[in-house]
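Here is a guided walk through a structure.

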Amino acid sequence: MSGKLVSRRQFLKHAGATAALLGLSEAMIPQLANALQELAAGKPPVIWIQGQNCTGCSVSFLNSNYPGVADLVLNQLSVRYQPNVMAGTGKTAIEAIDETVKSMKGKYVLVVEGPVPTAENGEYCTFGLGTGTKKLMGNTVPNDKTIQEWMNELVPPAAAVIANGSCAAFGGIPAANASVTGTTPISKVVARIDPRKPVINVGGCPSHPDWFVGTVLEALLYLQGKGKLNLNENKMSRTFFGQLIHENCERRASFDSGLFLEDWNQNNPDMKLCMFKMGCKGPVTYADCPVRRWNSKVNWCVGANAPCHGCASPAFYKELSPLYQPLPNVNFDGITPAVDVLGWVAAGATAVGVGAHYLYKQLGEKPREPAEGGEK
Amino acid sequence: MAQIISIDPLTRIEGHMRIDVEIEGGAVKDAWSSGTMFRGIEMLLKGKHPWDCQQVVERVCGVCPLIHGTASSYALDDAMDVSLPDNARIIRNLALGANYIQSHILHFYHLAALDFVDVTAVPNYSGSNPALKLLKDKVTQLVAAGDPYPFLPRYSSPDYIGEPGGPGDANLATELVGHYVQAFEMRKKAQEMLSIFYGRMPSFVGTIPGGVTQPPTLMNIAAFQSRLAELQQWIDNVYIQDILTIAKVPQYQPFMKAGDSGGSYLAYGGFDQDQKGNEKFLPRGTIYDNEIMNVQGFDEQKIVESVKYSWYTPDCEGKNPKYGKTEPDLKKADAYTFLKAPRYNGKPMEVGPLARMLIKKPDILVNLATSLGLLTPPVKFGILPRHAARAIECKLVADEMSKWLAQLQPGKPIWDPRGKAIPDESFGRGLVEGPRGALGHWIQIKGKKTENYQAVVPTTWNASPRDKDGVRGPIETALIGVPVPDVDNPINVARCVRSFDPCLACAIHIIHPEHNGVKEFRII
């Protein structure tokens, strides 16, 4: 294949490291190699647009490690439009989109960072120039093009859409103000345009670079017919969002022993204290932060003696507030995390554990033994 | 004949920005700066637990979460009347410093450098550096495969370094592109430094009202120090040297003075050196009309916001931000942006590294400015001095950080528990210096809940529209006179705007939801 940047052997070696770090099955590696190599120009084209975003997921992408971002951009992905990285400006930036839509119909992955505001005809978020005109202090100039219009154009020819980060996926922080701007998650916007178009959500505020890159790779395999998407009910990859943070937390032993941090000057030399009473949302958040960690594995939120805020959860932020108060409905009668309020919470063993030990610590009494398996 | 060109998207910044310029006689005659996206971050804080504020306002901007979180922590400290332990003050300074390093490196290399360097010159590299030869192979293959994204398409211009007939040669261009690639790793290390104390970046968890969450230990100090030492070397030997290289390119000499914002500068001051913040590493002050030897004081009361060209009713005109009123009027004639026009003492003020360095005037800056002829009248600081000031600040802060690191005391307190005692009613203010300039956060607490939250951010100063007297904002003024020899390729307009490191998500947000629709809100 002409224009190939790495040999198949090199790729397999590299993909091995990549896949291992991304938590992909080793068995997927040859398929991954084939999938990437068989795409038209050797590198899958990506158009990455931004709605009501904060660019945090783009900055997080720049923190990608093995593969690093230079490697991703130079070797693995053909980044056609990404407003923070690309050289083009103004019409030369838009040219990159137009060219890709024309020549890569059905082949590009559309990444959307930030949700779409639908109120006021979408005028709360625009980029690029529209086909009409407007007045600017007496001058006539081209009008603005809304992100909604861009979605209408870019979704149908896309192979798949990836909503990158909690706000694109579920509304996130801007959704707490949806009554004003009409913030709408990407999956809903896409469903209105083309209900059959595959949409995959990447949680996190911001998304972890591995979650995003890994989800892109999984999506590419799927598009090649080489792999199945193993998504949960929120359209998130189970590879990254399959387990509760609480299950894998390095401070789980403290939790089980009832050792909770209550003062940040407390420093237990023997055991790092559990953040539950400082509001940790680990017991209700599905993500692999405790094992994956952040910033080249340097640390993660609980590792910094702070509670998990549940940023990868579809409930973030509105339903998880107040962030520094213990989870509600884990009450002194034991048990039930309010499945009616937090419908996505796994009940069962974890919930029992939370209730029992919290009770123990609060009242200084030994908890009743929970039933085997911890059913409620 | 005059002609208006509209540039949207203005890429390689944070956020959604549009620039319209009127070109006459090969130069910019008039300019308009507009922000084109908003969400409404502050309004959703009303009624929330005050401790939530810091986590939410970090998400105002994914490029600047560190500084918004820091300003919020100081505002909450103030509202709770805490005494910040020295360890906490120092860790906050170290984290802020690490963010300066990552932000300044990111800005010069990944946001700005592609305006000066021709990546497509790399295949012509003829040197023997093994890493650069690999880079040459890689770029050659990209071009051969017809897939030069994301480096093409772009504005064409004869003055890119490495462009045939342009300045420098392919070897210099390749060296700079090599540094662009290295810079990805370098800024990542600076993010790792933040992560050591603050848990992760972007969106960190390591500050809380009253202090920080993670105590200093020999291990985390060592992990921080080793990365800092590596970054200091790279800043001195690569970043500063590349700035000097670009500053010496003959074709870029007009950019020494072109891009002057009007010459008035403002800094709130940053990096507290004592508990009360009386002494700051980056001092507070104001400069008017390029009289750089005459640094004057700062009085918050002198900030007034004008809305004549913003989408707000005339009632909102002329208020101090603390008492600011905002009623939108999307049909208002002549309005063209959601940013208000803050003015200090009636003047548009530039904020950011250039402002801070001109107020501090470190020797390294004065010597460089002298050698570049910047101090000979008419004194003006344009596109290149703005980049140079950022690089010099990056070095100064990095060097100072190793001293701060040595002041940490493992085992001593990191938190004042008063931070947890939410008063029934209180008011707090946090004034800090972010990588992009002066930032203020204000919180009002009522019934132990957040009653009101406001932020006035750097890009609102820099990217503001005209005020009631028709005086342009700093970026608009800076654009006047910038040469645009080819209206189809207005590269110099982009160079000028990017030199300010604009951050639009920060600059636009809404507060005061009084009704279901947009009835009363405020864009800052």
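B:Arg18 is buried, because 26 other C-beta atoms lie within 10 Å of its own. The term has cut-offs: a residue is buried if 20 or more other C-beta atoms lie within 10 Å of its own, exposed if 12 or fewer, and partly exposed in between, with C-beta atoms placed from the backbone. B:Arg18 sits in strand E2 (residues 17-24) of chain B. Helices (H or I, at least four residues) and strands (E, at least two) are DSSP runs, numbered from the N terminus.

A word on the ground rules. This is a predicted model, in which local features need pLDDT of at least 70 and side-chain atom pairs count only at pLDDT 80 or more, while totals for chains, interfaces and linings use all residues. Residues are numbered from 1 along each chain as its sequence is written, and chains are lettered from A and ligands numbered from 1 in the order in which they are written.

What does B:Arg18 touch, leaving aside its neighbours within four places in sequence? The list is B:Ser6, B:Ile7, B:Asp8, B:Leu10, B:Ser34 and B:Thr36. Contact here has a cut-off: the C-beta atoms of two residues, placed from the backbone, lie within 7 Å. Take B:Ser6 from that list. B:Ser6 and B:Arg18 are twelve residues apart in sequence, and their C-alpha atoms are 7.3 Å apart in space.

Stay in chain B for a sheet. Three strands form an open sheet in the order E12-E13-E14 (chain B), and the pairing is antiparallel. Strand E12 (425-434) and strand E14 (449-456) of chain B are at the edges; each has a single partner strand, so one side of each lacks a neighbour in the sheet. Neighbouring strands of this sheet are turned by 15° against each other on average, direction ignored. Strands count as paired if DSSP finds at least two bridges between them. E12(B) and strand E13 (residues 437-446) of chain B have ten bridges, in the antiparallel sense. Within E13(B), B:Leu439 stands opposite B:Val432.

Now turn to chain A. It has 16 helices and nine strands. Of its 376 residues, 57% count as buried. Among its contacts between residues at least 6 apart in sequence, 67% join residues at least 24 apart.

Chain A has a sheet too. This open sheet of five strands runs E2-E1-E3-E7-E9 (chain A), with parallel pairing. Its edge strands are E2 and strand E9 (199-202) of chain A, and each pairs on one side only. From one strand to the next, the twist averages 25°.

Follow the strands one by one. E1(A) runs parallel to E2(A), joined by three bridges. There, A:Val46 has A:Val79 as its bridge partner. E1(A) also pairs in the parallel sense with strand E3 (residues 109-113) of chain A, over five bridges. In that pair, A:Gln50 stands opposite A:Glu113.

Next comes strand E7 (residues 160-164) of chain A, which runs parallel to E3(A) and is joined to it by five bridges. Here A:Val112 faces A:Ala163 as its opposite in E7(A). Helix H11(A) packs on the sheet and touches E3, E7 and E9 of chain A; its direction makes about 165° with that of E7(A). Such angles run from 0 to 180 degrees between N-to-C directions, with axes as lines fitted to C-alpha atoms, for helices over the stretch in contact.

Helix H11 (residues 209-223) of chain A has 15 residues, which at 1.5 Å a residue should span 21 Å; its end C-alpha atoms are 21 Å apart, so the two agree. The expected span is 1.5 Å times one less than the number of residues. Of the 15 residues, 13 are buried, so H11(A) is largely enclosed by the rest of the structure. A:Gly225 follows H11(A), and its phi is positive, near 75°.

Finally, the two chains meet. The contact takes 80 residues from chain A and 82 residues from chain B. H3(A) gives the largest share of the chain A side, six residues.
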